Amino acid sequence: MTLANGEAHQVTNNGDLSKPFKIFVGYDPREDLAYKVCRHSILKRSSVPVEITPIVQSDLREKGLYWRERNKLESTEFSFSRFLTPYLANYDGWALFIDCDFLYLADIKELMELIDDKYAIMCVHHDYTPKETTKMDGAVQTLYPRKNWSSMVLYNCGHPKNKGLTPEVVNNQTGAFLHRFQWLEDDEIGSIPSIWNFLEGHNKVVENDSTTFPKAIHYTRGGPWFEAWKNCEFADLWLNEMHDYIKEKKLNAS
């Protein structure tokens, strides 16, 4: 898999060319800018080598890895392709999947330090019931158990259970099976603090408690790149990151 421009983005730590940590980001053409800002926010703050790859549905279809017919309830192109992460990582080591509507405010190394090999996956165990009936640019807001757990997942890609996430399974299994991690036992799903998948409009910062401030904001209802959500909470942080991305892009082009 490659980025939209045909390149894999990698950052090294002070010249250390050790094996980069693999990060797969769900990509949707409607949220191209969100993806680019998300990627920029990770790269800018990372002190370790990382390799960021978008999961682009059209690429997967061309390669014969994704043939699932799109359901009208799928709000993004990566609603199901996200579960190909262990396969795309060659069932090797740990890899991170995130939706494109994330903004990272901390070093990805801090997240990696939470990894525990005893788990098949690790994620934030949200108790999330959205109030809205639509999100983003009018997509239907759906309700289901473990909602938003799959929006940021650390995959132990070599775990025997995750080797069962083949393209055939991802293309044919139900949404409930995949999004509720039904190929796993509950004790195989590790927990991560909610500040690493801080749901805008749901999670709250407690005044004078720095431990509640997000390390990664998830604009799950919709972010400032959508007109309807331009005034959402933390919109200023995303817009600042966007301007920084554009400025850096212009510098690199000159």
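Two strands count as paired here if DSSP finds at least two bridges between them. Helices (H or I, at least four residues) and strands (E, at least two) are DSSP runs, numbered from the N terminus.

**Entry 1: ground rules.** I am working on a predicted model, where local features need pLDDT of at least 70, side-chain atom pairs count only at pLDDT 80 or more, and totals for chains, interfaces and linings use all residues. Residues are numbered from 1 along each chain as its sequence is written, and side-chain values use heavy atoms, with hydrogens and water left out.

**Entry 2: the whole chain.** I found seven helices and twelve strands in the chain. Of its 254 residues, 52% count as buried (under 20% relative accessible area; exposed is over 50%, partly exposed in between, with a 1.4 Å probe and protein chains only). I also looked up contacts, meaning heavy atoms within 4.5 Å. Among those between residues at least 6 apart in sequence, 74% join residues at least 24 apart.

**Entry 3: strand β2.** Is β2 buried or exposed? Six of the six residues in β2 (residues 21-26) are buried. I checked each face: F21, I23 and V25 lie on one side, K22, F24 and G26 on the other, and all are buried.

Next I went to the neighbours of β2. Strand β3 (residues 50-55) runs parallel to β2, and six bridges join the two; I23 faces I52 across this pairing. Strand β4 (residues 94-98) is also parallel to β2, joined by four bridges, and there K22 is opposite A95.

I followed the path from β2 through helix α1 (residues 32-45) to β3 and noted a right-handed β-α-β unit. Right-handed means that, with the strands pointing away from the viewer, the path from the first strand over the helix to the second runs clockwise.

**Entry 4: K22 up close.** Which residues does K22 touch, leaving out those up to four places away in sequence? I listed E51, A89, N90, A95 and L96. K22 and T85 are 63 residues apart in sequence, yet their C-alpha atoms are 9.6 Å apart in space.

**Entry 5: α1 against α7.** Helix α7 (residues 235-253) packs on α1 at an angle of about 80°, with the axes 9 Å apart. Axes are lines fitted to C-alpha atoms, for helices over the stretch in contact, and angles run from 0 to 180 degrees between N-to-C directions. The two helices are therefore roughly perpendicular (65 to 115 degrees; under 35 is roughly parallel, over 145 roughly antiparallel, the rest oblique). On the α1 side I noted residues including L33, V37 and H40, which meet a set in α7 that includes W238, M242 and Y245.

**Entry 6: a second sheet to look at.** Three strands form an open sheet in the order β5-β12-β11, with mixed pairing. Its edge strands are β5 (102-104) and β11 (198-199), each pairing on one side only. I found β5 antiparallel to β12 (residues 216-218) over three bridges, with L103 opposite I217.

**Entry 7: two positive phi values.** N90 has a positive phi of about 60° and belongs to the loop between α3 (85-88) and β4. F234 has a positive phi of about 65° and belongs to the loop between β12 and α7. Which of these is buried, and which exposed? N90 counts as exposed at 58% relative accessibility, whereas F234 is buried at 12%.
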